[in-house]
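Welcome, and please take a moment to look over the model below. We will walk through it together, one place at a time.

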Amino acid sequence: MNRVPSSVWRNPVHFLAFGLGSGAAPWAPGTFGTLAAVPLWYLLAQLPLATYLALVLAAFALGCWLCQRTSDDIGVHDHGGIVWDEFVGYWVTMIAAPVTPLWALTGFVLFRVFDILKPWPIRWADRYVKGGLGIMLDDLIAGVFAAICLQLLRLVI
């Protein structure tokens, strides 16, 4: 695991890239980052779907820049503590999901499974797409896979 740079607490760009500091967790920063995204999802989920989608798209675009800038500044590509991508991946997972604790937990688990196991094409994106886009893209795809599974679960439950 890479050391957490002290700039996370001084630089607003790094603070955001590190998921409001959640990526500074001493172990499983991706899981802690996803967990930190949950309360923000509850706020976002109160918005009309079109607004939610626009904000998630903006968060993805912002994340490409945040993650690239932070990686460049600290000299580590995709530092484990950079978890803005987990925020966006979780928010993608939860598109049009019921706003209940059970669905929030189900989405959390599904997203983490896809993010950790990285089936194709997630693993491909993680390995071959570089820069801020590369940091964000694998989690975006994991979020899409998890969202599909979540919506399929809604159909059968």
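Predicted model: local features only at pLDDT ≥ 70, side-chain atom pairs only at ≥ 80, totals over all residues.

Residues are numbered from 1 along each chain as its sequence is written, and side-chain values use heavy atoms, with hydrogens and water left out.

His 79 counts as buried because its relative accessibility is 2%, and buried means under 20% relative accessible area, using a 1.4 Å probe and protein chains only. Its side chain reaches the backbone nitrogen of Gly 81 at 2.8 Å. Beyond its neighbours within four places in sequence, His 79 is in contact (heavy atoms within 4.5 Å) with residues including Asn 2, Arg 3, Phe 18 and Ile 74.

Next, find the aromatic rings, which form nine pairs in this structure. Rings of Phe, Tyr and Trp (its six-membered ring) pair if their centres lie within 6.5 Å; planes under 30 degrees apart count as stacked, over 60 as edge-to-face and the rest as tilted. How are the rings of Trp 84 and Phe 87 arranged? Their centres are 5.5 Å apart and their planes stand at 20°, so the pair is stacked. Trp 84 and Phe 87 are three residues apart in helix H4, and therefore separated by about one helical turn. Trp 84 is buried at a relative accessible area of 8%, and Phe 87 is buried at 0%.

Phe 87 also pairs with Trp 91: with ring centres 5.7 Å apart and planes at 70°, this pair is edge-to-face. Again about one helical turn separates the two, because Phe 87 and Trp 91 are four residues apart in helix H4. Trp 91 is buried too, at 5% relative accessibility. Elsewhere on your tour, look for Trp 41, Tyr 42 and Tyr 90, which form one aromatic cluster.

Conventions:
Buried < 20%, exposed > 50% of the residue type's maximum accessible area, 1.4 Å probe, protein only. Polar contact = N/O pair within 3.5 Å; in protein donor to acceptor, adjacent residues only side chain to side chain.
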